[in-house]
Amino acid sequence: MHLAAHFPGVNSTTVWADPRSRSQIDFSSFEHLARTAERGRFDFFFLAEGLRLREHNGRIHDLDVVGRPESLTVLNALAAVTDRLGLAATVNATFNEPYELARRLATLDHLSAGRAAWNVVTSSDAFTGENFRRGGYLDRADRYTRAAEFVATARELWDSWTPDGTSRPFTHSGPQFDIAGEFTVPRSPQGHPVVIQAGDSGEGREFAASTADVIFTRHGTLEAGRTFYADVKGRLAKYGRQPEDLKIMPGVTVVLGDTDAEAQHNAAEIRAQQVSPQNAILALEQVWGRDLSAYDPDGPLPDIDPDPASSLVQGRVRVADPLAVAAKWRALSEAKGLSIRRTVIESTARQSFIGSPVTVAAELTRFVADDAADGFILVPHLTPGGLDGFVDRVVPLLQESGAFRSEYTGSTLRSHLGLAEPVWKG
Amino acid sequence: MSATRPLHLAAEIGGPPRYDAGSHVALARLAEQGTLDYVTLDDSFARPGPDALAVLARVAPATTRIGLVPTVTTTHTEPFHVSSAVATLDWVSKGRAGWQADVSATEAEARLFGRRSAAPAAALWREAGEVADVGARLWDSWEDDAEIRDVATGRFVDRDKLHYVDFEGGTFSVRGPAIVPRPPQGHPVTVIDGTSGPAREPAARYADVVHVRATSPEQAESLAGDLRRRAAAHGRDPGTLRVLAALTVDLGDAETAPEPGLGSGPRPAGPGTYFRGGPVDLAEHITRWHRGGAVDGFHLTPIAPERDLERIVNGTVALLQHRSLFRTFYPGGTLREHLGLARPAGRLAAASTSEPQS
């Protein structure tokens with residue numbers, strides 16, 4: 001089993017109103033969570049990215065955590081206070097250039113002695129593009145075209161130094177990038193930093209199958225996980241890859257209690273904190289695409305239909321089919337007699353493992369044994385202590401049963417993940 | 001300029017490319033032992049070497065007081081990313097970050113990106129000034145107290161204290177606000193080498209610290225005077241500009257006398273100046289220039305960092321401290337405090353409130 005820690009992000013999963021919640025920006029928060037993850041012998045620590053503050057109804061969204069650091073800079077600093085933990089940065093392939101980003105990733109791999117990873121994301125978003133020279137030039141359909149050539153180009157740059165330390169000129173001439181010269185950084189300890197890809201779309205799965213070392217996904221039930229797992233692993237052969245060459249790691253939340261009943265109670269409290277009355281209306285507006293601020297969160301759902309063409313929400317991906325989602329929510333609300341807030345709470349829950357440490361350890365183990373996942377990216381709801389309980393209470397059980405490592409056996413992230421060093425293609 | 005102005009000292013820790021963290025950490029700690037204001041790490045896409053900002057981020061948790069100033073080029077990079085990364089270096093170092101803005105002038109560098117051709121230095125430095133300008137605006141785009149965590153209304157931030165910058169430059173535009181909250185120093189310290197003509201105007205307008213390459217105290221004083229006049233013309237208090245003489249230092253074998261014919265003074269070395277002599281000679285040189293009021297201090301680039309920085313710290317600096325010309329401890333925690341520069345107030349706050357800006 002592989003485990004990773006996600007630093008709580010800028011979304012309603014993160015409960016900032018809890019008295020235990022600390023700064024989302026002070027280095028001490030990043031250090032605490034990273035040290036906790038390393039104490040638990042996790043594979044890696046994961047940072048998300050957002051290149052423009054989200055907007056709602058034409059104004060900056062103010063209900064959830066806002067503001068975060070630049071990922072690679074924080075990870076380089078974390079390399080100073082950890083020894084073995086992998087360090088994964090989400091960096092956009094649309095608003096960066098291969099030469100500079102390949103150099104920054106190779107630098108992190110050197111400075112961390114082989115612990116760097118890159119979560120490749122893309123954007124077609126003119127809204128985000130307003131912060132960049134590039135602007136919003138990329139068609140949605142071209143996102144993965146650029147991302148695939150971006151990763152391939154980065155690998156050419158990483159291979160432009162021979163393993164014995166000689167720099168050789170490179171030339172890359174493709175539809176997206178036409179560049180040449182000499183790379184400034186020798187081949188790094190991992191050869192190539194680990195490549196992670198997030199996204200469940202067909203294009204995203206294909207991109208991951210052809211290119212990535214890890215896929216960061218979200219899936220609900222064990223059955224959905226098994227279906228996804230079989231689909232993605234089945235795509236590897238046509239790229240000459242083995243099933244173990246791509247690790248499937250869903251992002252999940254965990255809620256613990258001394259007993260299963262207590263954990264269920266804790267989970268209900270957390271959900272109520274995550275979906276405050278204000279956040280309930282906001283979640284509804286994100287589906288409906290309309291200003292619904294006049295509605296009572298404890299009252300029934302609106303009887304008007306969503307506006308499919310709305311741009312009410314900026315800076316996050318909107319649900320693909322708002323009419324269908326609204327219909328589903330309305331059906332749920334009517335069947336159970338739920339208010340707006342209760343409907344949102346029930347409809348927006350992510351995959352959660354809820355129970356006593358024994359129950360959670362058994363469930364995680366079952367998901368891996370039944371080919372629903374190779375491991376998990378844990379998304380805590382508290383900064384920075386959100387994984388303390390998991391590491392103290394669940395990890396020892398996983399270690400006792402042999403489901404998870406008790407000690408690191410190697411020093412690089414590739415060795416934690418059981419991934420071979422990439423063959424040098426000079 | 002009064003001779004009693006505090007002396008500022010900084011050192012470059014680059015030299016031959018090294019890719020491991022250990023050597024950089026050791027050099028930065030050595031400079032910190034000498035209570036230097038900051039270390040710089042030069043960078044360029046044109047020659048081997050790691051990303052300098054990344055290296056100094058790696059150094060940050062391994063040091064406690066010394067300022068960290070990587071070179072960041074502005075020609076082929078995204079101004080928004082530059083601003084975010086420098087602000088983040090300030091967060092991870094708890095207020096010790098700066099950046100030395102530079103340009104990439106060659107066609108070879110342009111080919112690494114394939115986006116634009118090489119351009120004349122004047123245009124590149126004009127753009128570098130715009131990058132420094134928008135960077136500072138982005139640092140100001142969050143007011144210091146924007147994060148409110150108001151449980152009663154469910155609001156994490158006060159959106160009225162977050163500001164769009166709507167910057168339109170000659171080659172780029174940025175909407176804002178920053179994704180990174182306002183950094184600990186308000187503005188991390190901006191450093192520019194103002195020796196070359198095209199760099200002087202952006203240096204006078206946007207830099208907190210200017211490095212100048214001069215072969216005599218008179219030339220240094222003349223350059224500093226020019227920079228301060230230009231700064232004043234842009235509405236700045238010229239007293240807030242720190243001018244450091246850039247000196248390439250070869251302390252060689254400390255036991256031997258300076259090479260015959262060179263004396264112990266500087267001589268032209270390419271674009272800059274070169275000092276060869278012993279640690280005591282260097283202390284004399286620094287004292288003479290600083291006492292005359294020509295400059296606020298020195299930025300020293302050791303020819304061989306592992307050898308020369310040790311001699312600078314244990315020889316030159318120790319002597320300057322013994323003569324009470326240089327401090328023996330850090331009186332503050334941030335780089336701005338080392339440099340005697342105030343933490344700037346956010347400039348965009350006035351846009352949304354009726355309170356006058358202090």
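## Cavities

Six cavities of 30 Å³ or more turn up when the whole structure of this predicted model is searched. A cavity here is a set of points, on a 1 Å grid over the protein atoms alone, where a 1.4 Å probe fits but cannot get out; lining residues have an atom within 4 Å of a point. Grid points are joined across faces, edges and corners, and a volume is the space filled by probe spheres set on the points.

The largest cavity has a volume of about 210 Å³. Its lining comprises 17 residues, and A:Glu100, A:Arg104, B:Asp51, B:Val72 and B:Thr77 lie nearest the centre. Elements giving two or more residues to this lining are helix H3 (98–111) of chain A together with E3 and H3 of chain B; H3(B) gives the most, with four residues. Helices (H or I, at least four residues) and strands (E, at least two) are DSSP runs, numbered from the N terminus. By class, the lining of the largest cavity has six nonpolar, six polar and five charged residues. For these classes, Ala, Val, Leu, Ile, Met, Phe, Trp, Tyr, Cys and Pro count as nonpolar, Asp, Glu, Lys and Arg as charged, and the others, Gly among them, as polar.

## A pocket in view

Now to the second largest pocket, where a pocket is an open set with protein on both sides within 12 Å along at least five of seven lines. About 1,000 Å³ of space lies in the second largest pocket. Of its 44 lining residues, B:Asp42, B:Arg47, B:Asp102, B:Asp193 and B:Arg213 lie nearest the centre. Strands E2 (38–41), E3 (67–73), E4 (98–102), E11 (242–250) and E14 (297–302) of chain B are the elements that give two or more residues to this lining. The lining of the second largest pocket divides into 16 nonpolar, 18 polar and 10 charged residues.

## Where the chains meet

The contact (heavy atoms within 4.5 Å) takes 64 residues from chain B and 59 residues from chain A. Together the two chains bury about 5,300 Å², with 59% of it on carbon and sulfur atoms. B:Tyr19, B:Arg159 and B:Ile179 supply 14% of the area that chain B buries against chain A, more than any other three residues. Buried area is the accessible area (1.4 Å probe) that two parts lose on being put together, summed over both.

Between chain B and chain A there are 32 residue pairs in polar contact, both at pLDDT 80 or more. On the side of chain B that touches chain A, H3(B) gives the most, with nine residues. That side of chain B has 33 nonpolar, 14 polar and 17 charged residues. A polar contact is a pair of N or O atoms within 3.5 Å; within protein, one must be able to donate a hydrogen and the other to accept it, and residues adjacent in sequence count only if both atoms are side-chain atoms.

## Salt bridges

Over all chains there are 52 salt bridges, each a side-chain nitrogen of Lys or Arg within 4 Å of a carboxyl oxygen of Asp or Glu. Seven salt bridges cross the interface of chain B and chain A. One of them joins the side chains of A:Asp178 and B:Arg111 (3.9 Å, N to O).

Within chain A, the side chains of A:Arg54 and A:Asp64 also meet in a salt bridge (3.9 Å, N to O). A:Arg54 lies in the loop between strand E2 (44–47) and strand E3 (55–56) of chain A, and A:Asp64 in the loop between strand E4 (59–60) and helix H2 (71–78), so the pair ties together parts that are 10 residues apart in sequence.

## Backbone details

A cis peptide bond joins A:Thr383 and A:Pro384, with omega about -10°. A:Pro384 sits in the loop between strand E14 (375–378) and helix H13 (388–400) of chain A. Another cis peptide bond runs from B:Gly176 to B:Pro177, with omega near -15°. B:Pro177 is in the loop between E8 and strand E9 (189–193) of chain B.

## Conventions

Residues are numbered from 1 along each chain as its sequence is written, while chains are lettered from A and ligands numbered from 1 in the order in which they are written. In this predicted model, local features need pLDDT of at least 70, side-chain atom pairs count only at pLDDT 80 or more, and totals for chains, interfaces and linings use all residues, while side-chain values use heavy atoms, with hydrogens and water left out.
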